[in-house]
Amino acid sequence: MKIEPLIKMANDIGNFFNSETDKEIAAEGIRKHILRSWDPRMRREIIAYCQQDGAALSDLVRTAVSRLEQA
Amino acid sequence: MSINKEKDFGTPASTNEKMVTLEIDGFQVTAPAGTSVMRAAASIGIEIPKLCATDSIEPFGSCRLCVVQIEGGRGMPASCTTPVADGLKITTQNKKLADVRRGIMELYISDHPLDCLTCSANGDCELQDMAGAVGLREVRYNPIETHLNAAKDESNPYFSFDPSKCIVCSRCVRACEETQGTFALTIDGRGFDSKVSPSQNQDFMDSECVSCGACVQACPTATLMEKSVIDNGLPEHAIVTTCAYCGVGCSFRAEMKGEQVIRMVPNKDGKANHGHSCVKGRFAFGYATHKDRITKPMIRASIKDAWQEVSWEEAISHAASELKRIQTKYGKDSIGGITSSRCTNEEVYIMQKLIRAGFGNNNVDTCARVCHSPTGYGLKQTFGESSGTQDFDSVMKADVILIIGANPTDGHPVFGSQMKKRLRQGAKLIVVDPREIDLIKAPHVKASHHLKLRPSTNVALINALGHVIVTENLLDEAFVNERCDVASFAKWKTFIAQEHNSPEASESITGVPAAELRAAARLYATAGNGAIYYGLGVTEHSQGSTMVIGIANLAMATGNLGHDGAGVNPLRGQNNVQGSCDMGSFPHEFPGYRHVSDPETHQLFEKAWNAELNAEPGLRIPNMFDAALDKSFMGLYCEGEDIAQSDPDIKHVHAALRAMECVIVQDIFLNETAKFAHVFFPGSSFLEKNGTFTNAERRISPVRKVMSPLAGYQDWEVTQMLSNAMGYPMNYSHPSEIMDEIAQLTPSFAGVSYEKIDRLGSVQWPCNDEAPEGTPIMHTEHFLRDNGKGLFMLTEFVPTAERVTGKYPLILTTGRILSQYNVGAQTRRTENVAWHSEDRLEIHPHDAEDRGVNTGDWVGIKSRAGETVLRALVSDRVQPGVVYTTFHFPESGANVITTDNSDWATNCPEYKVTAVQITKVSQTSEWQQEYSAFSEKQLDLLEQGISHD
């Protein structure tokens, strides 16, 4: 699947959780949201992207995605 | 009027708790104070003759046919306007009263056509009934002048107005005022010249009439009569069912002659509509037998081929074989399905069961993805349940009504009428909308505040409202401390009090003057019961879920939850949005909104369905399109949904559909999606099947088969056949068995059964041991989250990525209109096109002048996604910088220009915000020309394949 829409989706999720002052809670919120609502093939793509480069992901999202287990 | 006449008590019921006892014709009767003598008499079976009274409207006392005598009282008062009182002794029948009534009827009949035998209301006419009831045997008058030659008004496509038969009882006028709230009718003139007049002596079509049918329903003669009755004669039996249009879910009596629907009459006992209706539900049912209906299954190898009619067995077998082939070639997760809010609960349930258990994946989604998925997410997070909190009747206890991004009089007209009734009683109104909706200024209704915000700035606005409530200490701290998670509240309170959330700081974002916003916040927080109603103007944004959460925060902070007159109320677009979501249509949730990975739920369904189930979320609709273009999703079963018209960035959708190897469409028409399909299963309309719909207030109502399915099978039977062909056995013999299974597996439906629905008429979930007859108002004692506490969440405003620029300086937003419904597949095939035959672009006069555009000009609308052409309607209903259109006609291509931006939590598309430029043009867009050619080709391929027997 194209990575650009997935990057945008992930960053949009990150923008919601970004208002949380405790960044640990925020990163966990992002991780859980992606884990619970994304099809595994989408998760595989974003994890692979994050592992390769991940430059277009926000710092918070990168932290969250790096904690996602490979499906 | 209607056949199998529902009991008419003459005047509305009193809600007074004090009871009084009196005597009528020697019988003792006890009734609530405020009840009319007429109604009290009717309650013990004494029918006092009447003409101007009916129990849907307030008494008027004009016909005097209902006169009675009161022992010790003077004269002969009208029983409809005389309230009961302790100790009254009433006589309803004696010679004197009989003489008076006969005299009245003699006068009426002296100016009434004596054509009963050929009259369309023969056998269903209250005037005829009363002539019989009073024993009228002769008319002694020979009038010099009559109204017998008054001209008919046939302008309305659905009913005729024949003033020669009018008795000027004002029932139609009062129904238009009290029931509908439009005030389109009046009695013009005085004395003999008195006559019913639409608006300023106009005909019905040119007047303000909205064709709700309330006047027709109230008319006691053939003056206002359905043309379908005039053409076909009176119906002979009636079956109660539920409307298949909007999320109000009105109850109707389908009045039949054999298997032909003669008319749809709103059911007085319907708890969502109380005997009212709108132009769609009341009249626009003709699509069900439209010539475009497809009634035979069809297949083809490619969308370039002609369709081929085949037997059901061959179509089912072919579809299953194709789906299995694709799974073998591309993997188990390469197929899926889309359910629709137009399907019944039972259809949706077995569809998702087929996908989860039969396909072996969770690639099921529903059209709520593109409308109210943020409601499901936001309310689940904050309140613990993905639903609105109130019943519709709750609005009658509201002191202030806050409408955000909804247009009830167009989108949910019957509830809009109920809301107007409450507003006329004095409730205050705040409207948050970029556009002037009708409710802002309606007869005897005026909004206290119209917060005319810029599209896409909802969250900044709700935060500013919250800021005022927190910083001016308008909170209900007792409610918060008792009912909510106090730690989350403390965090939210700190966040919302920050200066950047103040009305003054957000004014430059929203465009709403700070002082007006502060006044609105104070009104909502302090006026008493505050009720929030919202629609797709909230959800269809990149921050749709955030806005729903913001609304929930506001209601919790002010204690406006858990009681009558308050609450958070999503107005659902389609008839079964709530139900299709309840039934497990989302790819990550089983029925009852339980996550597919939840071990207990997973085990429950594996055992009950005797299948190994996937514990990973499946693809959402937009993900399916992306996956199709990536060749990892190649087969789709789509029932009752028209994604090729309704979904955003339509060129992308069409490309995805073209990329799939097998698209199966189940619908009543060859809709836009079917033009990309390889298998077509002819569907059944709501009149042809049994099942249930769940409306916006969680009310589960019966859908009943009133005619045989034109294609031979009800939709649930087709899904069951496909499941069996796929190798996953299903053996339901009736939808009631499906509901029994739903009840067995879903705690909030545990007490639901067809027997109960039939007995109660309808039932609102949760319905279980705690609430055996259902739950009108939720969260009365505790919220449904695990700890029982409402959760506050932070709602930072994040501007949309869709920005206006010099190239795209205007914002396009979309909505709907009263006479048309959603993608228009149904209403475009009815006489409703008389009101709205094309989508138009509303543009403010300033923006129009800048571009040299006048009403009626063709204008090109260009966005970053595409371009289309519509005719312009110059209107100051929209603000400068904003343009607006409806999306009811496929050729309009409204979704050619909408973008792929979507809600961060649910991927609900951002339909409401598209940056565009408008230019005057002379021809349709390139896309429109191409699509028109494609569509014509597809219709030709259909024509080549179908038989005309």
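**Exercise 1.** Determine which residues of α9(B) meet which residues of α26(B), and classify the contact.

*Solution.* On the side of α9(B), the residues are B:E346, B:Y349 and B:I350; they meet B:P735, B:I738, B:M739 and B:I742 of α26(B). Contact requires C-beta atoms, placed from the backbone, within 7 Å; helices (H or I, at least four residues) and strands (E, at least two) are DSSP runs, numbered from the N terminus. By class, this contact has six nonpolar, no polar and one charged residues (nonpolar: Ala, Val, Leu, Ile, Met, Phe, Trp, Tyr, Cys and Pro; charged: Asp, Glu, Lys and Arg; polar: the others, Gly among them).

The model is predicted: local features need pLDDT of at least 70, side-chain atom pairs count only at pLDDT 80 or more, and totals for chains, interfaces and linings use all residues. Residues are numbered from 1 along each chain as its sequence is written, while chains are lettered from A and ligands numbered from 1 in the order in which they are written.

**Exercise 2.** Which strands are the edges of the seven-stranded open sheet of chain B?

*Solution.* The order is β13-β12-β27-β26-β25-β14-β15, with mixed pairing (pairing needs at least two DSSP bridges).

**Exercise 3.** State how many residues each chain supplies to the contact between chains A and B.

*Solution.* Chain A supplies 18 residues and chain B 19 residues. On the side of chain A, α1(A) gives the largest share, five residues.

Technical notes. Contact = placed C-beta atoms within 7 Å.
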